[in-house]
Amino acid sequence: MATSATSDQLLVIIDPAARQADGESVRIAKDVLSAGARAKLCLPDGPEEFARALARRGARRPVVVGDGRALTRAVTLLHRRGELAGCALSVVPVGDTALAESLGVPGGAVAAARAVLDGVERRLDLLVDDGDGVVLGALRIPPVPVRAGAASPVPLSAVRPWYRSLVRTLAARPARVSAVPAPHAARLRVEVDGRPVVDTDQPVEAVSVTPGPAGVASVEVRPLSVGAEATPLLASGHTVTVTGAEFRYRTDAAVSGPVRRRTWRVVEGAWSLILPAGH
């Protein structure tokens, strides 16, 4: 669902890392935003000042100028304050733009700033874990990239709308160079809505979970491959629980853990992001 971003009062929070990574893009973003709206600029020195600025935003629409860590920090702060549902966020990605672009935000400073001014508010799903952490884009276990193979996925449930897009994503991945087992294989039990997808007797190379759309998480479990390419297992549901030996996981731009158990649940339409009108 999309609604117009009507407020022309902006609180532009410029993350310190963005100023260090690409000062020119930060300058461009400030110029475009200031020319198109009443923008109050905030240059916090660290996370505590970042949090205070966001908490004191008043009626202004918050705009984060920074990378994926800065955007995730803003969503986490609003979630823990119970203010996420009623606050439409904008972001001008500077530095690592991968997370923002995966959510539909333009990568360039000019295009992203214009989207802040002219875009629409879109509700997005969120993964929330039992430690009150959030996932905007996707989580991966283990937290290092695992090269994907060309085997066709096998869905464990009826085909859902998300399945077609997931297949396209898998098809775009580079082919595995060899069948040598990954050094980060783990023994984990993965359950989706209480139903086991894989248990600890089957070593796995990787587990990935992606929120949405429509309040459903897409889950892929890639079993350990020895010799022939293993077929990835797919499932979908509202909650995902992973247990087993201590494991770390990557969520968006950060690595967490080690933990022995973690449960993630999908919160449908939990937050709003300003995106280009045609997205």
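Start with the largest nonpolar core, which has 46 residues; a nonpolar core is a set of buried Ala, Val, Leu, Ile, Met, Phe, Trp, Tyr and Cys residues joined through side-chain atoms within 4.5 Å. Select Val75, Val92, Leu126, Leu136, Trp271 and Leu273, the members that touch the most others. Buried means under 20% relative accessible area, exposed over 50%, and partly exposed in between (1.4 Å probe, protein chains only).

The model is predicted: local features need pLDDT of at least 70, side-chain atom pairs count only at pLDDT 80 or more, and totals for chains, interfaces and linings use all residues. Residues are numbered from 1 along each chain as its sequence is written, and side-chain values use heavy atoms, with hydrogens and water left out.

Now select Leu273. Leaving aside neighbours within four places in sequence, its contacts (heavy atoms within 4.5 Å) include Leu89, Val91, Leu103, Glu121 and Arg122. A second, separate core of 24 residues includes Val192, Val219, Val221 and Phe247.

Next, go to Ala18 in helix α1 (residues 16–21); helices (H or I, at least four residues) and strands (E, at least two) are DSSP runs, numbered from the N terminus. Ala18 is buried, at 1% relative accessible area. Its C-alpha atom is 5.0 Å from that of Gly66, 48 residues apart along the chain.

Then look at the backbone. Most residues other than glycine have a negative phi, and most peptide bonds are trans. The bond from Ile141 to Pro142 is cis, with omega near -5°, and Pro142 is in the loop between β8 (139–141) and β9 (154–155).

Finish at Asp252, a non-glycine residue with a positive phi of about 55°. Asp252 is buried, at 15%.
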